[in-house]
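Let's take a walk through this chain together. Have the sequence and the 3D view open as you read.

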Amino acid sequence: RLIHGSNHKKAEELVMEVLNAPKSIINIDANDICELFQGEEEILLLEISVNEMSEMRMEQLMAVIEKEVAHLEYFNQLLMYFFVPQDSPLTMDELNTFLDYTNLNYGLSEVIWGSVFVPTQQPAIRAIMMLQHGVSES
């Protein structure tokens, strides 16, 4: 059920990266993924990044997501895992921007997110996004 373009191996690698991420305050585990993504619909995986020093970096991340999912008619489940440089953590305002954006633009029924700090030499905020899409219930 996993897709990443047509590259199933890459999709599996992204899932394993989330599951094997160093322990942090907000972790994602296999139970989170299994509970969120039930049913037969495909699960789309995306890997997204923006420069950590960019102004409005969460807005930039959301713009990339919007472009990547524009072809989808509907999706209702979202899991996002952020890999954030230690010296540039996400702020509460940025997390609220993410949650507000996903709620207002997609009306998702369920959003799960987590984050982990990565070494500072990685100059980007990276996110692995999993979403389940199918037919609109409306």
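How much accessible surface does the chain have, and what share of it belongs to carbon and sulfur atoms? The total comes to about 7800 Å², and 52% of that belongs to carbon and sulfur atoms. Areas like this come from the Shrake-Rupley method with a 1.4 Å probe, and for residues only the protein chains shown count as cover.

Before going on, some ground rules. This is a predicted model, where local features need pLDDT of at least 70 and side-chain atom pairs count only at pLDDT 80 or more, while totals for chains, interfaces and linings use all residues. Residues are numbered from 1 along each chain as its sequence is written, and side-chain values use heavy atoms, with hydrogens and water left out.

Now for the overall layout. The chain has four helices and five strands, and reading along the sequence gives you the pattern β-α-α-β-α-β-α-β-β. Helices (H or I, at least four residues) and strands (E, at least two) are DSSP runs, numbered from the N terminus. Of the 138 residues in the chain, 42% are buried. Here buried means under 20% relative accessible area, exposed means over 50%, and partly exposed is in between (1.4 Å probe, protein chains only). As for contacts (heavy atoms within 4.5 Å), take those with a separation of 6 or more: 83% of them are between residues 24 or more positions apart.

Let's zoom in on helix α1. With 12 residues, α1 reaches 17 Å from its first C-alpha to its last, close to the 16 Å expected at 1.5 Å a residue. That expected span is 1.5 Å times one less than the number of residues in the helix. Buried in α1 are A11, L14, V15 and V18. Those four sit on the same side of α1, because they cover an arc of only 95° around the axis. The arc is that of the directions from the helix axis to the C-beta atoms.

Which residue does E13 meet in a salt bridge? Its partner is K9, at 3.6 Å, N to O. A salt bridge here is a side-chain nitrogen of Lys or Arg within 4 Å of a carboxyl oxygen of Asp or Glu. Both E13 and K9 lie in helix α1 (residues 8–19), four residues apart, about one turn of the helix. E13 counts as partly exposed because its relative accessibility is 40%, while K9, at 58%, counts as exposed.

K10 pairs with E47, with the closest N and O atoms 3.4 Å apart. That pair links distant parts of the chain, since K10 is in helix α1 and E47 in strand β2 (residues 43–51), 37 residues apart. E47 also forms a salt bridge with R126, where the closest N and O atoms are 2.8 Å apart. E47 lies in strand β2 and R126 in strand β5 (residues 124–133), so this pair ties together parts that are 79 residues apart in sequence. Through shared partners, salt bridges join K10, E17, E47 and R126 into one network. Is R126 buried or exposed? R126 is buried, with a relative accessible area of 14%, whereas E47 is partly exposed at 35% and K10 is partly exposed at 24%.

One last stop is V118 in strand β4 (residues 110–118). V118 is buried, with a relative accessible area of 10%. Leaving out residues up to four places away in sequence, V118 touches F83, V84, P85 and Q86. The C-alpha atoms of V118 and F83 are separated by 6.2 Å, although the two residues are 35 apart along the chain.
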